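Please keep the display below in view while reading.

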Amino acid sequence: MNRYPGAMTHSGNPFGQVLVALITPMTADGEVDWPATEKHIDDVITAGADGIVVTGTTGETSTLTDPEKLRLVEVGKSVSAGRAKIITGGGSNETAHAIELYKASEKAGADGIMIVTPYYNKPTQAGILTHFRLVADATDLPVILYDIPGRTGVPIKYETILRLAKHPNILAIKDAKGDFSEVSRVLNQTDLMYFSGDDANVLPHLSIGASGLIGVTANITATPYRTIVDAVNAGDLASATAAHKSLEPLVRAVMTHVPGTVAAKYILHGLGRIGSPRVRLPLVGPEEWEAAVIEDELALVKDVAGADFSNFRPDRNAAAGGALPKVHGTTR
């Protein structure tokens, strides 16, 4: 029996396959740089992305205001002009706030929503189940569950995933646990689509049936990820593996030394693609030794489409510290 009579159902993949976990470009004083945001969205779509996740972890959702989050959806829709799906991420650890934010995001034009597990509160699995169900009930948009226990403190357990998969609006899960046996079990037992939420594990996830990726490194270049996805779709493991191997030092530079947001902004600024590498506190730019390690990793990047570091000019001074915006965020 359908627990949700009258709810909208979705067929196929409404999210895309190469999704970028978009940074939010900011000015040196920590305000959103809207022209740079428009340019960056266009850049990643041109490079091969067919989905954009705005206001996610990489977009610094915890320090964005709700009006900024909604404007990011509107800007994404305007710039993409149908070339890529716009998914709104983030959410809240307060269920009531998450419901209102996603309702407003739907009105702003979002194509889908990505709901993170409630963080800090450490709810039971029953609480997690109820949170996701109520948020998914509040919108007709297709939903991606975001399972990242390293940040939230609690996983979405296998049994909970199976129960959530019965909701007609919950179509996918972004996996940042790296438990490949569980991925296979869920793919066998449900119709959920899986999206790799760990840049280093994109090809392994795809090879066992994942539908795509939601990547941080794709801010630097989405082109190799397009190559990997298209090759896997065509059954060409050799080409996918070659692209995966060439990406490894870039992924390491972005994902292993400082938070991915910080590294991505530092690198994009050094490439001249955003005007400032500023992040909002409590995030701060890389310290001298961290910047040096990132730069050493980038020196190993060879033959990666869309990642030419021959004119890379990092600015450690511009990246130092973090910003206090004029208006505080509203994420609880």
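Predicted model: local features only at pLDDT ≥ 70, side-chain atom pairs only at ≥ 80, totals over all residues.

The buried residues of H12, which spans residues 288-298, are Glu290, Ala291, Ile294, Glu295, Glu297 and Leu298. Because these residues cover an arc of only 160 degrees around the axis, they lie on the same side of H12. They pack against three helices, namely H10 (237-255), H11 (260-270) and H13 (316-319).

In soluble globular proteins, nonpolar side chains tend to be buried together. Leaving aside residues up to four places away in sequence, Phe15 touches, among others, Asp50, Ile87, Val143, Leu171, Met193 and Phe195.

The sheet is a closed barrel of eight strands with parallel pairing, in the order S1-S2-S3-S4-S5-S6-S7-S8. Its neighbouring strands are turned by 25 degrees against each other on average, direction ignored. Strand S1 (residues 18-21) and strand S8 (residues 212-215) run parallel and are joined by three bridges. Within this pairing, Leu19 stands opposite Ile214 in S8.

Val202 lies in helix H8, residues 202-207. Is Val202 buried or exposed? Its relative accessibility is 2%, so Val202 counts as buried. Beyond residues up to four places away in sequence, Val202 touches Ser196, Leu213 and Tyr225. Val202 and His244 are 42 residues apart in sequence, with their C-alpha atoms 8.2 Å apart in space.

A search of the whole structure finds 15 salt bridges. One of them joins Asp43 to Lys39, with the closest N and O atoms 2.9 Å apart. Asp43 and Lys39 are four residues apart in helix H1 (residues 34-46), and therefore about one helical turn separates them. Glu248 and Arg252 form another salt bridge, the closest N and O atoms being 2.2 Å apart; these two residues are likewise four residues apart, in helix H10.

The salt bridge between the side chains of Asp50 and Arg226 has an N to O distance of 3.1 Å. Asp50 lies in the loop between H1 and strand S2 (51-54) and Arg226 in helix H9 (residues 223-233), so the pair ties together parts that are 176 residues apart in sequence. Arg226 is buried, with a relative accessible area of 19%.

Terms used
Residues numbered from 1 in each chain as written. Heavy atoms only, no water. Buried < 20%, exposed > 50% of the residue type's maximum accessible area, 1.4 Å probe, protein only. Arc of directions from axis to C-beta. Contact = heavy atoms within 4.5 Å. Pairing = 2+ DSSP bridges. Axes fitted to C-alpha atoms, helices over the stretch in contact; angles between N-to-C directions. Salt bridge = Lys/Arg side-chain N within 4 Å of Asp/Glu carboxyl O.
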